[in-house]
Each structure stands twice: as structure tokens, then as C-alpha cells.
Amino acid sequence: MRQMIELQQQLLPDLLDVMRKRYRILHQVMLSDLIGRRTLATTLGMTERVLRAETDFLKSQGLLEIHASGMRISEPGKELLQQFEPFVQTIFGLTELEEKIRSYFGLSQVVVVAGDSDVSTQTKRELGRAGGQVLRKAMEQGDVIAVTGGTTTAQVANQLSAEAPLKTNWFVPARGGLGESVDYQANTIASTMAKRTGANYRLLHVPDHLGEEAYAPIMQEPNIQDIIEVIRRARIVVHGIGDAMVMARRRKLDEATMQGIEAEGALAEAYGFYFDRSGQVVHKMPTVGLRLEDIVKTEVVIGVAGGKSKGEAIAAVMRFGHNDVLVTDEAAALEIIAIIEGSAP
């Protein structure tokens, strides 16, 4: 396919630019559901005059519907995007990024979406859509799926769907709550995923971080023991990845603990554990939910994280060696590749 693209570029040098432009327009309209021309032009960084010419063409092809309230992608447009996706992966160079990262870390699958979710909410939404697709393919009847909190896993929840109700599946929080916005807590995300797929869910109503004195009695509560037993039976774990110090502050750790984490070289946080550059766990605290030994023996571990700022953190967690799938974006993938190539002898 790449050879064909190179031949086409010799005959029609602007062909790929036109394809990219029209694909981006259709893709953005699909993500937005309904969008006005001015908003779309601003989002894509195009002039309204150029955009009008392209949308008129796409409408004439039956790929866009243009109403007084805005533009919406047509069913043929959706089908075209779906069929076009493998080709887009190649022309944007994402397939090559996926294979480099997959091979280096020994993962079963890597999915890279175009863009940088640090600066684009639409890229983060696309990251969620891709994560939802990976999760749907991984799920089997009777599965327990444990999910962590965070803005990216919340996007996965919002984009998740199922063709038929998953009546035998259970979604559970991987850990307790952070005390942050309820929309991004693991409990909320687990319940959203269950409701969107017709599955079941259980909640864990305890803080994520507990002192030693509080931890022991809570773990003796029959209701807590019951839900923890379910959580630790999870066949699939879906988790985000964060910067170590950012997450330490969000967890409201005391200053001495934060200084200790930083001194230990922590770069990344996932499932409540802190990892250094080599993927070693350098800090963990008593918490209700999944333990490190549970992660190690989980059958399918799916990490979903993106943004240029997360590249180093993602690479650190991948070096831990117990992820099966990584779903990320182009900006993070390029940072990961730079780290890989920089560490090569």
C-alpha cells in the first residue's frame, strides 16, 4: 500500500493532502454529531471559504447532511470512514508507530490515534472510542472488568457500547475513590460502562488512600470483603496512566511522602502504584482494591493514555511488563519512540 501511495504522489502530488483534508472534515463531523460550519472551520484551522467548498463536495457525494442547525455525517459517510480507516492509519504513519511500540515492549496490540489529547478534546474523545473498541473485542461472557478512574477512562466509558446487552458481565472499580470530581471516579466509570452495555456493576464506597489504622478494620467489613473478592476476580483491567507527582498531589499525599516518591525516581502512576523509568514499582500504599499481585496475574490489561506530556510516564508503565494492550495518541507515541531510540545502545 505504501508503494502505491508513493506512486500516486508522483502523479498527483496534492492527492494525499486532499484526502487528509476531507477525511479530517468527515471524522470531525462524526465526532461532533452536529456542528456548524464556523465552529468546524475553527476546530480544523481552515478558512470558512475552503471548508465550504469541501463540505459542498462531500454533500454532493452523499457523505454529509447539511441542515440549518449544522452538519451531520450520513450513514454512507460513516461506512466510508470505517472502510477507510486502515488506509488512513498507513498514510498518517500510525501503523508504523504501533508496530515499533508493540514490538519493543512485547505487547499483544498497540492502537495509536491521530493527534495530541493534551491540546485537543476531540483527540481525547477519539482515544476513548478506540479504547472502547479494544475493550469490546476483549470481553467474553461472564467477565469481570475492573476499571480505574481518570479523565481518559471516563472517555472510554462515554464511548462504550454493545450490540446486545451483556447480562452476564460485571463492571467494578479497581480501587477506591480519589475524592475528585465524581465524573472521573472509578465507581462512576464502572456504572457508566455497565449502563451503556446492559451489564451489571458493583461499587466500592471507600477512599482510595487509607492510613494503616483505618485500613485494617475496613478490610474486616463483610460488605467490603465481598466486593473486593469480585474485584480481584477481574479477567480484564482497564486503566489510565498519570504523571507520578501530579497523581500524588491529586491523592493529597503529605509533603514528606511526596518528597520520598520524587527521591525514589517515580515518573508514572497506574492502578495507584508509582513506577520509575525502568518500570520498577518504587512506592505503594495500603489501599482497598486491586493489589500488584492481582495485576500481574490478570489475563488482559489495557492501558489507555495519551498526550505528549504522558509519553515518559506511559513508557515507564509499559516497562513494568504486565500490559497486554496500549491505546494512545500520536503525540505520546512519538515521545515513546524518542525514548526508545534514546535508550538504545
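Which residues of α3 meet which residues of α4? Select both helices, which are DSSP runs (H or I, at least four residues; strands are E, at least two) numbered from the N terminus, and you will find Arg 37, Arg 38, Leu 40 and Ala 41 in α3 meeting Glu 48, Leu 51, Arg 52, Thr 55 and Asp 56 in α4, where contact means heavy atoms within 4.5 Å. The residues of this contact divide into 3 nonpolar, 1 polar and 5 charged, with Ala, Val, Leu, Ile, Met, Phe, Trp, Tyr, Cys and Pro counted as nonpolar, Asp, Glu, Lys and Arg as charged, and the others, Gly among them, as polar.

Before going on, note that this is a predicted model, in which local features need pLDDT of at least 70 and side-chain atom pairs count only at pLDDT 80 or more, while totals for chains, interfaces and linings use all residues. Residues are numbered from 1 along each chain as its sequence is written, and side-chain values use heavy atoms, with hydrogens and water left out.

Stay with α3 and α4 (residues 48-60), which pack at an angle of about 110 degrees with their axes 10 Å apart; axes are lines fitted to C-alpha atoms, for helices over the stretch in contact, and angles run from 0 to 180 degrees between N-to-C directions. The two helices are therefore roughly perpendicular to each other, a label for angles of 65 to 115 degrees, whereas under 35 is roughly parallel, over 145 roughly antiparallel and the rest oblique.

Next, select α2 and α5, whose axes come within 11 Å and cross at roughly 130 degrees, which makes α2 oblique to α5. Among the residues in contact are Tyr 23 and His 27 in α2 and Phe 84 and Phe 87 in α5, and the residues of the whole contact divide into 11 nonpolar, 1 polar and 1 charged.

Now turn to α7 and α8 (residues 151-159), whose axes come within 7 Å and cross at roughly 65 degrees. The contact includes Gly 128, Gly 131 and Gly 132 of α7 and Thr 151 and Gln 155 of α8, and its residues divide into 2 nonpolar, 7 polar and 4 charged.

Finally, look for the largest pocket, which holds about 1,000 Å³ of space. Of the 37 residues that line this pocket, Tyr 23, His 27, Glu 85, Glu 126 and Arg 129 are the closest to its centre. A pocket is an open set of points on a 1 Å grid over the protein atoms alone, where a 1.4 Å probe fits, with protein on both sides within 12 Å along at least five of seven lines, and lining residues have an atom within 4 Å of a point. α7 gives the most to the lining, with 9 residues.

How values were computed:
Points joined across faces, edges and corners; volume = space filled by probe spheres on them.
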